[in-house]
Amino acid sequence: MRRSTTTRQGGTHVSTHLTRRLLQLYVGLTLYGVSSSLLVRSGLGLEPWGVLHQGIAERTGLTIGVVSIIVGALVLLLWIPIRQRPGLGTVSNVFAIGIAMDSTLALVPDAHGLAAQIPLLAGGILLNGVATGLYISARFGPGPRDGLMTGLHRLTGRSIRLVRTSLEVAVVVTGFLLGGSLGVGTVAYALAIGPLAQFFLRFFAVPEPEPTPGAAPEPVAADPVAADPVAEAASAQAILRG
């Protein structure tokens, strides 16, 4: 009887742990989309990939959320030749952020005047840091863009910082030429997101479940939705370095 009770308690422990991780993943991805939309409405400049998404949206007439989904899916296809392994978080990232962006943009109007634009920009950057800490701490795999960065790092042997900088410069320039918003907000985001993500990654860190005392050790099956831990670690490292 004692062993049966202990086993049930251990199973509940693991279930609660997984539930928390899933909750963090989807809340984080949703808030990431909301934060990106606030940057759009501030009109003071977007994060690097946001500049590209907005530029493509301006040229195609698609919503920025739909463009984000399409670009995310195309980037995910680039994982195939560089042999990156997606996780649940990777696939969810493609769709959840874009849907959250379009939903938020439908509700939040453009800001007019610096008195409204600056708080919207600051709120968007802060919320982006919260969202980054939430979904990366869930450990369900890096986003498509982060995975591309870590895959190129592994293939080329170049530093994470160099690969990330090169990719972001390329997408910012391309997005700006297409009509994306590049401004003080882009610079503020680049300077602030590293420290913010570092703080919130630690704040939302999910500890591994402790083994139940007296429980017999059981073999642990591989997590079918977890991505390459090396890629996740490199992704987090790049964000922490800003």
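**Figure 1. Salt bridges in the predicted model.** The chain contains 2 salt bridges, a salt bridge being a side-chain nitrogen of Lys or Arg within 4 Å of a carboxyl oxygen of Asp or Glu. Side chains of opposite charge can pair when their charged atoms come close. The model is predicted, so local features need pLDDT of at least 70 and side-chain atom pairs count only at pLDDT 80 or more, whereas totals for chains, interfaces and linings use all residues. Residues are numbered from 1 along each chain as its sequence is written, and side-chain values use heavy atoms, with hydrogens and water left out.

**Figure 2. Close-up of the Arg41–Asp110 salt bridge.** The side chains of Arg41 and Asp110 meet at 3.0 Å, N to O. Arg41 belongs to helix H1 (residues 2–42) and Asp110 to the loop between helix H4 (88–107) and H5, so the pair ties together parts that are 69 residues apart in sequence. Helices (H or I, at least four residues) and strands (E, at least two) are DSSP runs, numbered from the N terminus. Arg41 is buried, with a relative accessible area of 18%, while Asp110 is partly exposed at 43%. Buried means under 20% relative accessible area, exposed over 50%, and partly exposed in between (1.4 Å probe, protein chains only).

Figure 3. Arg164 counts as buried at 14% relative accessibility, and Glu168 as partly exposed at 23%.

Figure 4. Asn128 is buried, its relative accessible area being 0%. Apart from neighbours within four places in sequence, Asn128 is in contact (heavy atoms within 4.5 Å) with Tyr32, Ser35, Ser36, Tyr189 and Ile193.

**Figure 5. Helix H5 and the residue Arg139 that follows**. Helix H5 (residues 114–137) has 24 residues and, at 1.5 Å a residue, should span 34 Å; its end C-alpha atoms are 34 Å apart, which agrees. The expected span is 1.5 Å times one less than the number of residues. After H5 comes Arg139, which has a positive phi, near 60°.

**Figure 6. The setting of the close-ups within the chain.** The secondary structure comprises 9 helices and 0 strands. Of the 242 residues, 47% are buried. Among contacts with a separation of 6 or more, 86% join residues 24 or more positions apart.
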